[in-house]
Amino acid sequence: MLPGLLAKLTPMPVVEATHGMKIEPDHVYVISPNTDIAVSDNTLQTEIRRKTAGKYMPVDTLLLSLAEHRKASAIGVILSGTATDGTLGLKAIKAEGGITFVQDEESAKFSGMPQSAVAAGCADFIAPPEGIAKELA
């Protein structure tokens, strides 16, 4: 359902990611349920979701692959969410010289993921989603 919902909110094409799909500019990619996604070269790599230390960490999986393959050109964004998923990935992006954005606590419906990233010292910019979008543009 998510691709259809997001398509109503953006003029960009919104597609469900498939294994080996070429990454195109100005597209939104959504993963299927129970799936992890990573980036390798200029393609998406999907696989059955796996647990890390007993938890599912799909954001870390994606961001760690971005750091590995895109190095200093990687950009990581953490928005509202619970727990700590994404923090390790943002750390890796910063270590490679990439740029990281984190949603500010006040605008986040669920502040766990943003709080974790900020506490870990891996946020270059902290802003509401509108501010993040403006900086990215």
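Ser65 is buried, with a relative accessible area of 8%. The cut-off for a buried residue is under 20%, so a value of 8% places Ser65 in that class. This value, like the others in this report, is computed from a predicted model. Ser65 belongs to helix α2. When its neighbours within four places in sequence are left aside, Ser65 is in contact with Ala38 and Val39. Strand β3 spans residues 35–40.

## Helix α3 and its packing

Helix α3 covers residues 87–95, and its buried residues are Thr87, Gly89, Leu90, Ala92 and Ile93. An α-helix has 3.6 residues a turn, so residues three or four places apart point the same way. After α3 comes Gly97, which has a positive phi near 90 degrees.

Two packed helices are described by the angle between their axes and the distance between the axes. For α2 and α3, the angle is about 10 degrees and the axes are 7 Å apart. The angle makes α2 roughly parallel to α3. From α2, the contact takes in Asp60, Leu63, Leu64 and Ala67, while α3 brings Thr87, Leu88, Gly89, Leu90, Ala92 and Ile93. By class, the residues of this contact are seven nonpolar, two polar and one charged.

## The largest pocket

How much space lies in the largest pocket? The value is about 2,000 Å³. The pocket is lined by 34 residues, and the closest to its centre are His27, Val28, Tyr29, Leu62 and Val77. Several elements give two or more residues to the lining: the helices α1 (2–7), α2 (58–70) and α5 (129–136), and the strands β2 (28–30), β3 (35–40) and β7 (75–78).

Which element gives the most to the lining? Helix α2 does, with six residues. Sorted by class, the lining holds 27 nonpolar residues, four polar ones and three charged ones.

## His27 at the pocket

His27, one of the residues closest to the centre of the largest pocket, sits in the loop between β1 and β2. Is His27 buried, partly exposed or exposed? With a relative accessibility of 30%, His27 counts as partly exposed.

His27 and Val14 are 13 residues apart in sequence, and their C-alpha atoms are 6.1 Å apart in space. Apart from neighbours within four places in sequence, His27 is in contact with Met12 and Pro13.

## Two loop residues with positive phi

Most residues other than glycine have a negative phi. Asn34 has a positive phi, near 60 degrees, and is not a glycine. Asn34 is in the loop between β2 and β3, and with a relative accessible area of 47% it is partly exposed.

Asp41 also has a positive phi, of about 55 degrees, without being a glycine. The loop that holds Asp41 runs between β3 and β4, the latter at residues 43–48. Asp41 counts as exposed, at 64% relative accessibility.

## Distances along the chain and in space

Lys8 is in the loop between α1 and β1, where β1 covers residues 14–16. Lys8 is exposed, with a relative accessible area of 70%. Lys8 and His19 are 11 residues apart along the chain, and 25 Å separates their C-alpha atoms.

Gln115 is part of helix α4 and is partly exposed, with a relative accessible area of 37%. Along the chain, Gln115 and Thr84 are 31 residues apart, and their C-alpha atoms are separated by 8.3 Å. Gly121 lies in the loop between α4 and β9, a strand at residues 125–127. Gly121 is exposed, with a relative accessible area of 53%. Between Gly121 and Lys94 there are 9.8 Å from C-alpha to C-alpha, for residues 27 apart along the chain.

Note on methods
Residues are numbered from 1 along each chain as its sequence is written. This is a predicted model: local features need pLDDT of at least 70, side-chain atom pairs count only at pLDDT 80 or more; totals for chains, interfaces and linings use all residues. Side-chain values use heavy atoms; hydrogens and water are left out. On a 1 Å grid over the protein atoms alone, a cavity is a set of points where a 1.4 Å probe fits but cannot get out, and a pocket is an open set with protein on both sides within 12 Å along at least five of seven lines; lining residues have an atom within 4 Å of a point. Grid points are joined across faces, edges and corners, and a volume is the space filled by probe spheres set on the points. Helices (H or I, at least four residues) and strands (E, at least two) are DSSP runs, numbered from the N terminus. Ala, Val, Leu, Ile, Met, Phe, Trp, Tyr, Cys and Pro count as nonpolar, Asp, Glu, Lys and Arg as charged, and the others, Gly among them, as polar. Buried means under 20% relative accessible area, exposed over 50%, partly exposed in between (1.4 Å probe, protein chains only). Axes are lines fitted to C-alpha atoms, for helices over the stretch in contact, and angles run from 0 to 180 degrees between N-to-C directions. Angles under 35 degrees count as roughly parallel, over 145 as roughly antiparallel, 65 to 115 as roughly perpendicular and the rest as oblique. Contact means heavy atoms within 4.5 Å.
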